[in-house]
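Here is a short tour of the pockets in a protein model. Please have a look at the structure first, and then we will go through them together.

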Amino acid sequence: MIGESECMETDSVQRAAEDLFSVQNAIAFTGAGISVESGIPDFRSATGLWSRYSPDEYGTIDAFRADPIKVWKMLGEMMALVIQAQPNPAHVGLADLEKMGKLQTVITQNVDGLHQAAGSQNVIEYHGSSATLSCIACGHGISAEEVSMDNLPPKCPECGSVLKPNVVFFGEPIPFDAHSRAMEAARTCDLVLVIGTSAMVYPAVDIPVTAKASGAKIIEMNLEPTPLTNRVSDYIICGRSGEVLPRLVENLKHLMNRD
Ligand code: ZN
């Protein structure tokens, strides 16, 4: 049974710092939960986009191809949220861990670019990115900054067809390069910080499961226990990632300066 008793006490942040201190190749695997504190509601939450737009009608590649003008109503809202969002202390904490040499890679399911905005250099965008768009007819690529969101749907400057953000829709494969790099990272790491995700979407769940099978320690940071807890993750730190990550960084700095 999953219950609150599985949530670790706050000093588990120190345990996580000691675990990170002792490994050579740690990665982070992040999801929607890490960007909630940046003002981007989890698509699946009560205030998320999927509460008002059915994923079947708005989230699939077939729906986009059938009626891109309709789907762009949802995409326009998503892009507006992303454009105004700023990294929060959790994103900054992960960038700090990379600068400290204690985190090799961030694999994110988010399309908001906030890890890069916070300063993370090695980011694998597993579900694509909203920072660029591609023409569905001629393939022309363009930066989101160059596209006016005033008249939706945005049109290709080359051929006039509809542009699609380079995010992975339901029914689309994970970009090959992102998937192969993510799986390689999962196979070779010795610790995974799973942050703000229950990793329930296939094939994203393969990342923590593969890492676990390869012998990595899995530390989960979520608001509450998830299906990963006590099955895939070794332990969970329950709390807001924007509070937990900065404390983890401070505790780890203390350990690194001790020697
Ligand atoms: Zn075009």
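## The second largest pocket

About 310 Å³ of space lies in the second largest pocket. A pocket here is an open set of points on a 1 Å grid over the protein atoms alone, where a 1.4 Å probe fits, with protein on both sides within 12 Å along at least five of seven lines; lining residues have an atom within 4 Å of a point. A volume is the space filled by probe spheres set on the points, which are joined across faces, edges and corners.

This pocket has 19 lining residues, and Val82, Ile83, Ala131, Ala144 and Glu145 are the closest to its centre. By class, its lining holds 12 nonpolar, 5 polar and 2 charged residues (Ala, Val, Leu, Ile, Met, Phe, Trp, Tyr, Cys and Pro count as nonpolar, Asp, Glu, Lys and Arg as charged, the others, Gly among them, as polar).

## About the model

The model is predicted: local features need pLDDT of at least 70, side-chain atom pairs count only at pLDDT 80 or more, and totals for chains, interfaces and linings use all residues. Residues are numbered from 1 along each chain as its sequence is written, and side-chain values use heavy atoms, leaving out hydrogens and water.

## The largest pocket

The largest pocket has a volume of about 1,200 Å³. Of its 48 lining residues, Ala32, Asp42, Phe43, Arg44 and Asn110 are the closest to its centre. The lining divides into 25 nonpolar, 16 polar and 7 charged residues.

Why does the largest pocket lie between domain 1 and domain 2? Both domain 1 (1-37 + 87-127 + 175-259) and domain 2 (41-84 + 128-167) give residues to its lining, so it lies between them. The domain bounds come from an automatic or database domain assignment.
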